[in-house]
Amino acid sequence: MKHKTFLWFVLPSATAMLLFIFLPLVSIIIQSVYVSHDQVIITVENCGPFGCRESTMIDQEATEALREGNPLGRFAGATTYLDRGHLAVTEVSEAWSASQNWRDFGSQMLNLPFYKALAFTLTYTFVVTPLVIIFGFMIAVAVNSALKNLRGPLIFISLLPMIINPLVGSLILFWMVDARGIVGAALQEFAGNPNLSIKASTPLMWIMLMVYGVWHSAPFAFIVYYAGLQTVNTETVEAAMIDGASRTQRIRYVVLPHLLPLTTFIALMQLMDNFRVFEPIVSFAASAHATSLSWAIFNDLGGETRQLSSAAATSVLTVAWIIVLLTPVLIRTWRDFGRK
Amino acid sequence: MSSVAHRKPVSLTIFLTIVLAGWVVLAAFPFIWTLWGSFKVEGDFFSKVDWAAALTGEMTTVETGGRFTGNGYEGAWIQEGFWRAAINSTLVCLFVVTISLTLGTLGGYALSRSPHQYAFWFLIIALVFRALPQITLVSGYLPVFFQFNMWGHLPTAIVVLIAINQPFTLWMLHSFFKNIPKDLDESAMVDGCNRFQAFRHVIIPVMWPGVITTGLFSFLLAYNDFAVTTMLLSQENQTMIPKIASFLGTTQTKGNVMFAVAAVVSVTAPIFVMIMVFQRQIVSGLTAGAVKG
């Protein structure tokens, strides 16, 4: 295909991505090194019947003029990155010198909003991803061994948790584990503690969020593995059998190698999706116990005071993490491409 | 092909049956329970006394006279204006799907036919873009949209969703087009078509299965989006998902959490129908990237 024709064909979608994905990335980098202007404060003397009093007030006009003149705000360099809400350099070094052991240091770090969010996001990503792969595989094997005409309905049921919106899906689960809901009541009964509430406990909330994550994503791994199992070469399996391979050996040496590239694919997709976890935190109202990087950005952007530079700094740090996570994949693709 | 190779030991069969039964309950029960509960009053669905109240519907009978009530739906759709959100969602989905498919088919076709290195790098960059959480981009949009007075309108959200949709759409259509033999359009070009005519007359008629599958996923992305729509749309232009999120803030204090339950069921119903009709296409779409490499 000629260069020029190629250009014309990809131009519309390239423009869309340039304008609404690439430029916003540039924009968050710029925003993160600016902060909004302070309000201009003037001191005025109010003289009344009981004498004169000095008071400070905000000079609305001057503030407005300053904001108009320089809408980006005041250049602040890396200060937003280093403040308490983000990398918290001073707080971390204080905690490091003050704390006696790792445990102490860890708990102090978890009081800092950015590290709290990062800790949950990473835990969530690296707990949910392997569990999704394991459960997805088990379900796929189970469905694959079910009766032929049961498989359609089974796939139908399995698709539901994955395909509905995460906000809606987590709400459905959340209402059930509510202290007044069916699962919540059952848990209280089971634990013998009538005051047990998932909403009130940090470890339970973390577990619940991850249970939701596995429930939501296991169907994806299941579908991919199921499709993979359909294409296992039966002749190879039978040949292995004739050569005396036991059932375990057949699975170990024929089926699993066939499914390995699929596992890489699922792991990659799941890493990307789990790292952006945020809707369940909104619907579980879990922010007191668990926050994620995406939730931190969402929280900065929402509400009356939109803290744009704080959100932008967190966004830049999130993107940096994504690139770190993707680097192994990119390097591998680079090598594969070089070999071609 | 039910050969000896597929025969299983009894213990394994039992184990797999348990896994399967457990999964079916886990996957289906929450939906059935919520659907059932949406026709009750709050006192039953969130019963302080006994969870079984949701089954018997004692409070529902006391409060409304019948064992089932449509109060949640009435409150959500009429009183809280969920119908408006439903219309907005329909508009957003319609435009996002048609436009992103149009852009995606052109781009995906070119990417699948170009032998040059830059096509490969284009796809890699798209993969990186795909990995970015949408909310990081949203913080980049806000100041610009405020400045140009674009914030809060449906078209803004539509354009943004189309762009965010592109990396995924391109990847998926690219892999579908790769499966259409090159000879097809190349022979048309030998017969005197230019590239675009070959695309128009030869490729478009055979590309529909791939386009429908990709369209389903574009639809899901637009329909399910929360990060973009909640941040970029004003109150009256909200789509369904942010509307549900706003119910959580307001209605829980009013004791009308049942509005949210009814709204959740209303949002899930179209998805339910969609899976029924397009199950085969969804499954093939999920595996398109994986099985073919």
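Is B:Asn149 buried or exposed, and how many other C-beta atoms lie within 10 Å? B:Asn149 is exposed, with 8 other C-beta atoms within 10 Å; a residue counts as exposed at 12 or fewer such atoms, as buried at 20 or more and as partly exposed in between, with C-beta atoms placed from the backbone. The structure is a predicted model, in which local features need pLDDT of at least 70 and side-chain atom pairs count only at pLDDT 80 or more, while totals for chains, interfaces and linings use all residues. Residues are numbered from 1 along each chain as its sequence is written, and chains are lettered from A and ligands numbered from 1 in the order in which they are written.

B:Asn149 is found in the loop between helix 8 and helix 9 (154-178) of chain B; helices (H or I, at least four residues) and strands (E, at least two) are DSSP runs numbered from the N terminus. The phi of B:Asn149 is near 60°, a positive value in a residue other than glycine. Most residues other than glycine have a negative phi. A positive phi, of about 50°, is also found at A:Ala88, which is not a glycine. A:Ala88 is placed in the loop between helix 3 (79-82) and helix 4 (89-98) of chain A. A:Ala88 is buried, because 20 other C-beta atoms lie within 10 Å.

The contact between the chains takes 82 residues from chain A and 81 residues from chain B, two residues being in contact if their C-beta atoms, placed from the backbone, lie within 7 Å. Helix 1 (residues 3-32) of chain A supplies the largest share of the chain A side, 16 residues. By class, the chain A side divides into 61 nonpolar, 15 polar and 6 charged residues. In this scheme Ala, Val, Leu, Ile, Met, Phe, Trp, Tyr, Cys and Pro count as nonpolar, Asp, Glu, Lys and Arg as charged, and the others, Gly among them, as polar.

Helix 1 of chain A also meets helix 8 (residues 134-147) of chain B, and their axes come within 8 Å and cross at roughly 80°. Axes are lines fitted to C-alpha atoms, for helices over the stretch in contact, and angles run from 0 to 180 degrees between N-to-C directions. Helix 1 of chain A is therefore roughly perpendicular to helix 8 of chain B, a term that covers 65 to 115 degrees, with angles under 35 counted as roughly parallel, over 145 as roughly antiparallel and the rest as oblique. On the helix 1 side the contact involves A:Ile21, A:Pro24, A:Leu25, A:Ser27, A:Ile28 and A:Gln31. These meet residues of helix 8 including B:Thr136, B:Leu137, B:Tyr141 and B:Val144.

Helix 12 (residues 208-224) of chain B has 17 residues and reaches 24 Å from its first C-alpha to its last, close to the 24 Å expected at 1.5 Å a residue; the expected span is 1.5 Å times one less than the number of residues. Of the 17 residues of helix 12 of chain B, 13 are buried. B:Gln281, in helix 15 (residues 257-291) of chain B, is in contact with B:Ile212, B:Thr213 and B:Leu216, leaving aside neighbours within four places in sequence. The C-alpha atoms of B:Gln281 and B:Thr213 are separated by 5.3 Å, at 68 residues apart along the chain. B:Gln281 counts as partly exposed because it has 18 C-beta neighbours inside 10 Å.

In chain A, A:Val35 lies in strand 1 (residues 34-35) and counts as buried, with 21 C-beta neighbours inside 10 Å. A:Val35 and A:Ser309 are 274 residues apart along the chain, with their C-alpha atoms separated by 5.8 Å.
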